[in-house]
Amino acid sequence: MNLENNNKENLKDVVNQALEDQTIKHVKLNKIGPDKANVDKLTKPSKETRQEYWGKGLTAAAILLIIILVVSIIGFIAIHGLATFTQNHVNPWKFLTSSDWDPGAGKNFVGAAPMIVTSFAVTLFSAIVATPFAIAIALFMTEYASKRGSKYLQFVVELLVGIPSVVYGFLGLTIVVPFIRNIFGGTGFGILAATLVLFVMVLPTITSLTVDALKAVPDHYRKASLALGATHWQTIYRVVLRVATPRILTAVIFGMARAFGEALAVQMVIGNAVLMPSNLISPSATLTSQLTSQMGNTVMGTLPNNALWSLALLLLIMALFFNFLVRLIGRKGEK
Amino acid sequence: MVDNAGAIITTKDVHLSYGSHEALHGISLDFKENELTALLGPSGCGKSTFLRCLNRMNDDIPNIKITGNIRFEGKNIYSPKMDLVWLRKEVGMVFQQPAPFPFSVYKNIAYGLQLEGIRDKELIDQRVEESLKQAAIWNEVKDDLNRNAQDFSGGQQQRICIARALAVHPKVVLLDEPTSALDPISSSEVEETLANLKHEFTFIMVTHNLQQASRISDKTAFLMNGNLIEYGPTEKMFLNPQNQITSDYLNGRFG
């Protein structure tokens, strides 16, 4: 205590000395005067400093919470997903390659291959169908349409994003499924129906990211190309699209990630029969549709439940894989 | 001022306006073949705008109105019958910002040729080498033709752009401040390249750099506020300007 007082006195002396020493009087300090210098205030952290600590603390706490959340989600899914293999002794290789799915019947009937194949088929087909349309729309919006026209189109595309997936599923069930049934026969449920529904759902995602990709192409490339005697289309085809390719690929992968993870709408039109799909119009099931349709029918801790967690784990791993791909392409695009 | 004979581009009373704002108030200039003409003037005087009229790069700007008469080899370039692709092939352009496409050097140079539909690999190879040599960059890139053109320095990139413009064998090359985005060493490289080429092509160059104009141009035109103030041989203009405003500008009193 004594020492602290001593220090304060010293500080006061120093302030006084400094005030006396100044050759050109500082207006503000002069007003305060040598003896009025508030040493207490000078030695304690200011209000701004305390705000700084608060701000840092708040953001750090928020980040910490999210990190804990992410780690526990992944941990929970991993523990339950792996229990199929550790507690129920299902052969992981069989899980990935066998097409017998009836977890209630025992550990030899946990084969997820049909769902894996269907999930990938639906994802791939919808991306293949949607990408040309998305690129065409994006090109029209960035290269041809007037500013007002492109704003209007942007609004329409955003509207498509905003429609809930259950509505898409309902539309698919009411329109697409009967349509396929009438044309190709069969039930109408299956990969084709899911592809068509997912096409509409991923189209806005791919489109808006492709628009960003095309807008990011510097204008001087376009001008340089036109000045060399290229037509508008030649410029688009040979320069703009080529420069934007890495980012367009990223857009497609984001679209695929959305298609891969979509559950409700797919479940409504895919038919939900865990069979290896032999064609595009026979009922089948994806990883997600199986999860949504079966999660209410199993008891926690039993093999059928653990098997569903394994499917969830697989979905999680795929999501990580898509993220990884996006980063990989992004890094290549920078070069 | 300049006799009409030997003029490759003639412009007569060119007016240009954006909406209600008139940027060029009637400019008449003749550009002689195989000479380098510098367009000088303070910022915003309309010299770049005028330059872009010569290969119709202003066409896309909304609300733009161009009147007057611009003839390239006697043909009215604003006539509806004018083939824009042909015009831009004959009248090439190099921009302020070095803008090679992010492809290989070879593909950059071959770009214009491929647009023309030339598929003969040998001819393309030959033109690539020829134009890179003309742009005085062959020795620096000949071992790296497949490297991305953007890996090179600014001055090298700008010379690659010049080579790209030359590869399609234009008659006229428009240069819009080709060295103002470059450091002094790079810009002197580009300048030297232009000085060596100026008797094979017709160059029309917008520049802010008075010394550069005096060093390499044959003719100089001085523009201000959308008007042509003075036009003549560079030497005469710099040593003995006819107009007081020109003299003030060249002596750095303003601009």
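Two strands are taken to pair if DSSP finds at least two bridges between them. Helices (H or I, at least four residues) and strands (E, at least two) are DSSP runs, numbered from the N terminus.

Before the details, the conventions. This is a predicted model, in which local features need pLDDT of at least 70 and side-chain atom pairs count only at pLDDT 80 or more, while totals for chains, interfaces and linings use all residues. Residues are numbered from 1 along each chain as its sequence is written, and chains are lettered from A and ligands numbered from 1 in the order in which they are written.

With that pairing rule, look at strand β4 (residues 64-72) of chain B. Two bridges join β4(B) to β5(B), and the two run antiparallel. Within that pairing, F72(B) stands opposite K75(B). The sheet they belong to is open and has four strands, in the order β2-β1-β4-β5 of chain B, with antiparallel pairing. Its edge strands are β2 (21-32) and β5 (75-76) of chain B, each pairing on one side only.

Next, strand β7 (residues 172-176) of chain B. Is β7(B) enclosed or open? Five of its five residues are buried, so the strand is largely enclosed by the rest of the structure. In a regular strand the side chains alternate between the two faces of the sheet. Here both faces are covered: V172(B), L174(B) and D176(B) are buried on one side, and V173(B) and L175(B) are buried on the other.

What does β7(B) pair with? Four bridges join it to β6(B), running parallel, and five join it to strand β8 (residues 202-206) of chain B, also parallel. L174(B) figures in both pairings: its bridge partner is M93(B) on the one hand, and it stands opposite I204(B) in β8(B) on the other. Between β7(B) and β8(B) comes helix α7 (residues 184-197) of chain B, and the three make a right-handed β-α-β unit. Right-handed means that, with the strands pointing away from the viewer, the path from the first strand over the helix to the second runs clockwise.

I204(B) comes back in the nonpolar core. By that I mean a set of buried Ala, Val, Leu, Ile, Met, Phe, Trp, Tyr and Cys residues joined through C-beta atoms within 7 Å. The largest has 139 residues, and A193(A), V197(A), V269(A), L39(B) and I204(B) touch the most other members. Helix α9 (residues 191-215) of chain A gives the most to this core, with 15 residues.

For contacts, the cut-off is C-beta atoms, placed from the backbone, within 7 Å. With the same exclusion, L54(B) touches I9(B), I70(B), V91(B), L174(B) and I204(B). L54(B) is found in the loop between α1 (47-53) and β4 of chain B, and it counts as buried because it has 22 C-beta neighbours inside 10 Å.

R56(B) has its place in that loop between α1 and β4 of chain B. Its phi is near 60°, a positive value in a residue other than glycine. With 19 C-beta neighbours inside 10 Å, R56(B) counts as partly exposed.

Now the two chains together. How many residues of chain B are in contact with chain A? The number is 17, and they meet twelve residues of chain A. On the chain B side, α2 (84-90), β6 (91-94) and α3 (105-115) give two or more residues.

Last, the record. UniProt, in an unreviewed entry, lists residues 9-250 of chain B as "domain: ABC transporter". Its positions are given in the numbering used here, feature names are shortened, and annotations may be inferred rather than shown by experiment. In the model, residues 9-250 of chain B are 37% helix and 27% strand.

Notes: Contact = placed C-beta atoms within 7 Å. Buried ≥ 20, exposed ≤ 12 C-beta atoms within 10 Å, placed from the backbone. Lists of a residue's contacts leave out its neighbours within four places in sequence.
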